[in-house]
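I'd like to walk you through one model, piece by piece, so please have a look at it first.

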Amino acid sequence: MNEATYTYAVLAFLAVCLAVWLRTERDRARRGERLIAATRRMAAGDLEARAGVRGHDPLGVLADAIGQMASRLKTLEGTLE
């Protein structure tokens with residue numbers, strides 16, 4: 001393999017890595033935005049709101065915890081009424 005071919009191969013690999021990273025970050029940002037929107041709806045009183053964010057990563061775990069908290073608040077609200 002000559003030097004030019006090696007250089008192009010390395011550049012192609014780096015371009016693929018960059019594209020994958022950008023897609024991952026865009027997906028993470030969208031999931032974060034959905035979680036923020038659902039949390040704001042809950043804060044406004046809509047305890048049925050859910051973000052639809054799932055997974056074992058930190059955003060998925062946080063979304064699950066917030067959903068559990070909203071369910072518990074809904075139960076307590078019903079008890080108080």
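I'll go through the helices, then the salt bridges, then a surface patch, and finish with some distances.

First, some housekeeping. This is a predicted model, so local features need pLDDT of at least 70 and side-chain atom pairs count only at pLDDT 80 or more, while totals for chains, interfaces and linings use all residues. Residues are numbered from 1 along each chain as its sequence is written, and side-chain values use heavy atoms, with hydrogens and water left out.

Okay, helices. When I say helix, I mean a DSSP run of H or I with at least four residues, numbered from the N terminus (strands would be E runs of at least two). Helix α1 covers residues 3-43, and helix α2 covers residues 58-80. Two packed helices are described by the angle between their axes and the distance between the axes. So how do α1 and α2 sit relative to each other? Their axes come within 11 Å and cross at roughly 10°. An axis here is a line fitted to C-alpha atoms, for helices over the stretch in contact, and the angle runs from 0 to 180 degrees between N-to-C directions. That makes α1 and α2 roughly parallel to each other. The cut-offs for that wording are under 35 degrees for roughly parallel, over 145 for roughly antiparallel, 65 to 115 for roughly perpendicular, and oblique for the rest. The crossing of α1 and α2 is also left-handed, so the near helix is turned anticlockwise from the far one by less than a right angle (clockwise would be right-handed).

Next, salt bridges. The rule is a side-chain nitrogen of Lys or Arg within 4 Å of a carboxyl oxygen of Asp or Glu, and by that rule the count is four. I'll also be saying how covered each residue is: buried means under 20% relative accessible area, exposed means over 50%, and partly exposed is in between, using a 1.4 Å probe and protein chains only.

Start inside α1. Arg-28 and Glu-25 pair up through their side chains, at 3.3 Å from N to O. They are three residues apart in helix α1, so about one helical turn separates them. Arg-28 is partly exposed at 43%, and Glu-25 is partly exposed too, at 29%.

Now one that reaches further along the chain. Asp-57 forms a salt bridge with Arg-31, with the closest N and O atoms 2.6 Å apart. Asp-57 sits in the loop between α1 and α2 and Arg-31 in helix α1, so this pair ties together parts that are 26 residues apart in sequence. Is Arg-31 buried or exposed? Arg-31 is buried, at 10% relative accessible area, whereas Asp-57 is partly exposed at 26%.

Then there's Lys-74 with Glu-48, where the closest N and O atoms are 4.0 Å apart. Lys-74 is in helix α2 and Glu-48 in the loop between α1 and α2, so here again the pair ties together parts 26 residues apart in sequence. Lys-74 is partly exposed at 37%, and Glu-48 is exposed at 54%. Which residues are linked in a network of salt bridges? They are Glu-48, Lys-74 and Glu-77.

Let's move to the surface. Met-1, Tyr-6, Tyr-8, Val-10, Leu-11, Phe-13 and Leu-14 make up a nonpolar patch, with about 860 Å² of accessible area together. Patch members need over 30% relative accessible area and no salt bridge; nonpolar side chains (Val, Leu, Ile, Met, Phe, Trp, Tyr) are joined within 5 Å, and like charges within 9 Å. The areas come from the Shrake-Rupley method with a 1.4 Å probe, and for residues only the protein chains shown count as cover. Phe-13, for one, is in helix α1, and it counts as exposed at 55% relative accessibility.

Last, some distances between C-alpha atoms. Thr-39, in helix α1, is partly exposed at 30%; its C-alpha is 9.2 Å from that of Ala-70, 31 residues away along the chain. Gly-32 is in helix α1 as well and is buried at 14%. Finally, Asp-64 is in helix α2 and partly exposed at 45%, and its C-alpha is 32 Å from that of Val-16, 48 residues apart along the chain.
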